[in-house]
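Here is a short briefing for a first look at this structure. Keep the sequence and the 3D view open while you read.

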Amino acid sequence: MSVADNLRAGPAVSAASADPDIAADPYRPRFVAPLYLGSALNPINSSIIATALVALAAALHITVGATAILISSLYLTSALAQPAAGRLAEEFGPRRVFLAGIGLVLVAGVVGSLATSLPGLIASRVLIGAGTSAGYPSAMLLIRRRAQQAGLQAPPHRVLGGLAVAGAATVAVGPAIGGLLVGWLGWRTAFWINIPFAAVALVLTLIGIAPDAKTAPAVADDAARADRADTAPRGLASRIDLLGMLGFGGSLTALVVFLNTLPRLNWPALAVAAILAALLVGWELRAAQPFLDVRLLASNRALTRTYIRNGLTLLGTYVILYGLTQWLEAVRGLSAYQAGLALLPMGVLSAVTARMTARRTKVRIPLLASAVLLVVGAIAMLFVNTGTPMPAVIAASAVFGLTSGAGTVANQTVLYREAPAATVGTASGLLRTFGYLGSIASAAITGVAFHTRVSDPGLHHVAWILVLIAAVVLVMTVLDRHLARADRTEGP
C-alpha cells in the first residue's frame, strides 16, 4: 500500500485554491514550528529526568531503583493516552486536542515544582504523560490534512522527518542541558522546565495553526454528517470506543504493575493483564469503530511489524539512556552535568542520523543499519566497566544514537505509508504507544538490574538482555520482504 493509496486528495484541491497561503507554501515555518515543539515535549521529559534521578532519590531518601516509577508512570500514561489523543483529534479536531495537551503540561509543571513527596511527583509525571501525548498524533493528523488541502499526495519528506528530528534533537541536548540545570538549580528543574516550553508552544499554536473548522476536511455524505451530529454521551462513547480505551488502559496498567514488582513475580497482576487483554480483543472484534483495530493489526502485518520493531529499538535506546546515566553517576562518580555531557554525542548522532534518514524515500537500508548498530552497541556494552576509559564509554553509548535516529524516522515513514488515512491519528498514537512499552520495559530492566545497588554486573546484565533484543530486531528486519517491495513501489 503506497502513500497515494492512503490519501484522498480529490476535494482538497479546491481548498488549496481558496487559501492562497496553503497553495503557496502549505508547510511554512509558522505552521510546522508549533507541531515540532509540541511533539518534542515528551522527549524533553524523557531525557532531562534521567540526570535528576540520583539527586532526587537522595533528596527524598529513597533508593535510586525506587525512582523507576517516575519513568514508568510517564510512559504508562503516554502509552494509554497517545492513541486516545489520536482518536480524540480525529473526532474533535487536532488543534483543539493539541492545545488541551499543552494546557495539561503547564499544569503538570506547576504541580511538579511544588511537590514535596514521591506521590506528588508521580502525579506530575502522569499529567505530563497525558498532556504531551496530544502532540505527536495531532501533529501527524494536521500534517496529513494540510496535504489534502494542498492537493498533495504526501507532505514533503522534510516535514515528516522534522517530527522525528525534533524529538531526536531534544534527546541530544536534553541530558546535557538537564544535567547543567539540575547541577545548578536542583532536581526540580526536571519538572518546572515544562512551564516555559509549554507556554511557547501555546503561543506558537495560537498564532500559526488555524482553528479546526478551517482545517478539517469536508464531511463526505449525509450519513457521516448525521453520525458526527450525534453528540449524545452514548453516541460519543461509541464513536471513540470508550470501553476499548478502558480495557486497553486496564490491561496495560496491570502489566506495568507486574513489571515494576520484578524481580518478585506478581502473578495476580499478570493474570489480570492477560484476562483484560483477552476481553479487549473480543470486544474490539465486535466494535463498530474499534479503538484498537485488531482486524487491521492482523491483516496489515507490515504495520504491526513496524509497531513491534519501533518498540524494541526504543527499548534499547532508553535502557542505555537511563541505565548508563545512573551507572555514570553512582559508579563512576560523575555529576549530573558531567553524565549529561557524556551522553551528548549519543543524542547529537541521533539527531544528525534522523536528519539524514529523513531525506531518503527508501526505508529498508536505514532499518537494516539501525538493527545492525543495535547489535554492535549491545555487544560493546558488555565490555564497559569501572576501569573503561571514558572516551570508550562515550563511543559505545554513541552507537545507540545512530540506531535510534535511523530507526525512528524509517519506522515513522513506514507507518505513514501503511496506515489508513482516516485513522492516521490513532495509528500514529499506537506507534508511540509501542515505543513507550519499550521505554516501560527499559525502566523495569534497569530497576531489576540495579535492584540492590548500581554496579558493573548490573550494567552487564542489562547488556546481555540488549543483545537478545537486538538479535530479534535484526532477524525481523532481514526477513521482512515487504520493506523491499514497498521501496520499489515508492520509486527512486
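A salt bridge joins the side chains of Asp212 and Arg96, at 3.5 Å from N to O. This pair ties together distant parts of the chain, with Asp212 in helix H13 (residues 212–215) and Arg96 in helix H7 (residues 94–114), 116 residues apart. Asp212 has a relative accessible area of 4%, so it counts as buried. The model is predicted.

**The chain as a whole**

- The chain has 26 helices and 0 strands.
- It holds 492 residues, and 56% of them count as buried.
- Take the contacts between residues at least 6 apart in sequence: 86% of them join residues at least 24 apart.

**Salt bridges**

- How many salt bridges does a search of the whole structure find? It finds 4.
- Side chains of opposite charge can pair when their charged atoms come close.
- One of the bridges joins the side chains of Arg87 and Glu90, at 3.6 Å from N to O.
- Arg87 and Glu90 are 3 residues apart in helix H6, so about one helical turn separates them.
- In general, an α-helix has 3.6 residues a turn, so residues three or four places apart point the same way.
- Both Arg87 and Glu90 are buried.
- Another bridge joins the side chains of Asp480 and Arg309, at 3.4 Å from N to O.
- This second pair also links distant parts of the chain, 171 residues apart. Asp480 sits in the loop between helix H25 (456–479) and helix H26 (481–490), while Arg309 belongs to helix H19 (residues 301–330).
- Are Asp480 and Arg309 buried or exposed? Both are buried.
- Arg309 and Asp480 also belong to a network of salt bridges that includes Arg305.

**Helices H6 and H9**

- Two packed helices are described by the angle between their axes and the distance between the axes.
- Helix H6 (residues 68–92) packs against helix H9 (residues 135–150) at an angle of about 35°. Their axes are 8 Å apart.
- The crossing of H6 and H9 is right-handed.
- Which residues make the contact? From H6 come Gln82, Ala85, Gly86, Ala89 and Glu90. From H9 come Tyr136, Pro137, Ser138, Leu141 and Arg145.
- By class, the contact of H6 with H9 has 5 nonpolar residues, 3 polar ones and 2 charged ones.

**Gln82, in helix H6**

- Gln82 lies in helix H6.
- Its relative accessible area is 0%, so Gln82 is buried.
- Setting aside neighbours within four places in sequence, Gln82 is in contact with Thr132, Ser133, Tyr136 and Pro137, among others.
- The contacts of Gln82 also include Gly429, Arg432, Thr433 and Tyr436.

**Leu142, in helix H9**

- Leu142 is found in helix H9.
- Leu142 is buried because its relative accessible area is 4%.
- Leu142 and Ile209 are 67 residues apart in sequence. In space they are 9.1 Å apart, C-alpha to C-alpha.
- Neighbours within four places aside, Leu142 is in contact with Phe31, Leu35, Pro94, Arg95 and Ile209.

**Gly167, in helix H10**

- Gly167 is part of helix H10 (residues 157–185).
- With a relative accessible area of 11%, Gly167 is buried.
- Gly167 and Ala354 are 187 residues apart along the chain, yet their C-alpha atoms are separated by 9.5 Å.

**Helix H22**

- Helix H22 (residues 364–381) has 18 residues. At 1.5 Å a residue, it should span 26 Å.
- Which residues of H22 are buried? They are Pro366, Leu367, Leu368, Ser370, Ala371, Leu374, Gly377, Ala378 and Met381.

**His61, in a loop**

- His61 lies in the loop between helix H5 (53–60) and H6.
- Most residues other than glycine have a negative phi, and most peptide bonds are trans.
- Phi of His61 has a positive value, near 60°.
- His61 counts as exposed because its relative accessibility is 73%, over the 50% cut-off.

How values were computed. Residues are numbered from 1 along each chain as its sequence is written. This is a predicted model: local features need pLDDT of at least 70, side-chain atom pairs count only at pLDDT 80 or more; totals for chains, interfaces and linings use all residues. Side-chain values use heavy atoms; hydrogens and water are left out. Axes are lines fitted to C-alpha atoms, for helices over the stretch in contact, and angles run from 0 to 180 degrees between N-to-C directions. Helices (H or I, at least four residues) and strands (E, at least two) are DSSP runs, numbered from the N terminus. A crossing is left-handed if the near helix is turned anticlockwise from the far one by less than a right angle, and right-handed if clockwise. Contact means heavy atoms within 4.5 Å. Ala, Val, Leu, Ile, Met, Phe, Trp, Tyr, Cys and Pro count as nonpolar, Asp, Glu, Lys and Arg as charged, and the others, Gly among them, as polar. The expected span of a helix is 1.5 Å times one less than its number of residues. Buried means under 20% relative accessible area, exposed over 50%, partly exposed in between (1.4 Å probe, protein chains only).
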